[in-house]
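Please look over the sequence and the model shown here. The report that follows takes up a few of their features in turn.

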Amino acid sequence: MPAPRPTPTVPPRRWWRTNRARLGCVAAVPLLGLVEPRLGGVVLIVALVLLWWGSPWPKAGRIAASVAAMVLLGAVVPDPPKETARDTVADAKAADIKRPRGVAPSPSATTPPAADYRGQSLDVAYGRARKAGFLVTSHDASEKDKFVRGRSLWTVCFQEAGRTGTRPALDFGVVPRGAPCPKEDGRPIPWPTMPELVWKTWRTARAEVVALGVPTDRVEARKAYRNDTLPEEGEYDDWRVCAHDPAEGEKVTGDTRATLYLSSRDNGCPEPDRGTGTTVDLPDRDGDRDPDYRDPFPDDRDRDTRFPNGIPRLGDSGGAGGSSGSSGGSHGGGWSVCRHTRWC
């Protein structure tokens with residue numbers, strides 16, 4: 001009897017031939033294009049190869065996916081490099097220098113006057129300048145010379161007019177939204193610095209921090225002592241600042257969060273070299289773990305706010321020393337553990 005023929009096995013598909021890989025490449029085109037336009041172009045080529053080489057998708061689906069990938073990449077590609085506009089501006093200035101006195105520039109080389117776009121958001125200035133007929137480029141006006149991405153996140157500080165061929169051009173020097181303009185194009189941003197706030201009230205200190213450009217919801221109040229309690233909001237307006245982060249002299253940038261460590265006037269502040277917040281306790285002279293500021297018996301460790309007649313001890317029918325009724329515990333008139341607690 002002849003042996004049965006083995007069932008042929010279907011080889012598994014390569015991972016890059018799956019629909020998940022094709023869709024993943026299309027989605028990665030704009031994401032990687034934001035990071036680096038050339039990298040986005042490489043991924044676009046890979047996505048087109050996967051969509052058209054051995055793909056089971058219908059032709060209409062492949063066309064739609066290809067067009068979507070190219071449109072997404074085009075939406076995130078930034079403006080052309082700034083050197084073009086800068087070079088044309090420099091060329092125009094050089095031409096003015098070389099031109100003999102008394103000779104007017106030719107009409108084709110005249111740059112029309114541009115409106116003043118300084119202080120406007122880059123996306124608004126960009127649109128208005130384009131409508132006025134200018135070719136528009138932009139660059140980071142600070143010394144960091146960052147890549148300008150997302151026009152709504154930048155503000156125009158400087159502008160310079162020139163020409164690109166026969167067309168007028170504008171080059172904007174911009175800074176991140178909310179940042180002050182440097183004194184000159186290419187200089188450091190003059191961020192404000194944190195003032196000295198120690199021993200100022202919370203109300204005054206917070207107003208000074210907000211005036212530096214820090215949003216109100218980014219100014220946080222914390223207790224300066226570990227065993228202290230911060231009252232409800234509005235009830236510590238007159239508490240004093242013992243320390244703050246950022247410290248005095250540190251830069252306050254657009255993403256700064258300020259923390260002010262507070263204490264009541266009666267308690268004072270911890271010593272500067274002892275820290276604040278989670279490392280220092282309020283004084284407890286009698287060692288009963290009840291801070292003095294809320295301890296009605298600061299000199300008697302056997303009595304605190306929870307046990308004003310004496311801290312109970314098991315097997316002791318009367319309160320510890322310092323209780324007004326401890327001497328009469330054996331006569332039934334003293335402090336009783338069973339009568340004052342749920343231990344019995």
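V67 counts as partly exposed because its relative accessibility is 42%; buried means under 20% relative accessible area, exposed over 50%, and partly exposed in between (1.4 Å probe, protein chains only). V67 is found in helix α3. Helices (H or I, at least four residues) and strands (E, at least two) are DSSP runs, numbered from the N terminus.

V67 also belongs to a nonpolar patch on the surface, together with W52, I63, M70 and V71. The accessible area of these residues together is about 450 Å², by the Shrake-Rupley method with a 1.4 Å probe, where for residues only the protein chains shown count as cover. A patch is made of residues with over 30% relative accessible area and no salt bridge; nonpolar side chains (Val, Leu, Ile, Met, Phe, Trp, Tyr) are joined within 5 Å, and like charges within 9 Å. A salt bridge is a side-chain nitrogen of Lys or Arg within 4 Å of a carboxyl oxygen of Asp or Glu. Helix α3 (residues 59–76) gives the largest share of the patch, four residues.

## Source and confidence

This is a predicted model, in which local features need pLDDT of at least 70 and side-chain atom pairs count only at pLDDT 80 or more, while totals for chains, interfaces and linings use all residues. Residues are numbered from 1 along each chain as its sequence is written, and side-chain values use heavy atoms, with hydrogens and water left out.

The predictor's confidence in each residue, from 0 to 100, is called pLDDT. The chain has a mean pLDDT of 78, and 74% of its residues reach 70 or more. Over residues 95–108 the pLDDT is below 50, and this stretch has four contacts in the model beyond near neighbours in sequence; contact means heavy atoms within 4.5 Å. Where pLDDT is low, the predicted coordinates should not be read in detail.

## The chain as a whole

The chain has seven helices and six strands. Along the sequence their pattern is α-α-α-α-α-β-β-β-α-β-β-β-α. Of the 344 residues, 34% count as buried.

## Helix α6

Which residues are buried in helix α6 (residues 202–211)? They are W202, A205 and V209. These residues lie on the same side of α6, because they cover an arc of only 70 degrees around the axis; the arc is that of the directions from the helix axis to the C-beta atoms. The buried residues of α6 pack against β4 (219–223), β5 (240–245) and β6 (258–263).
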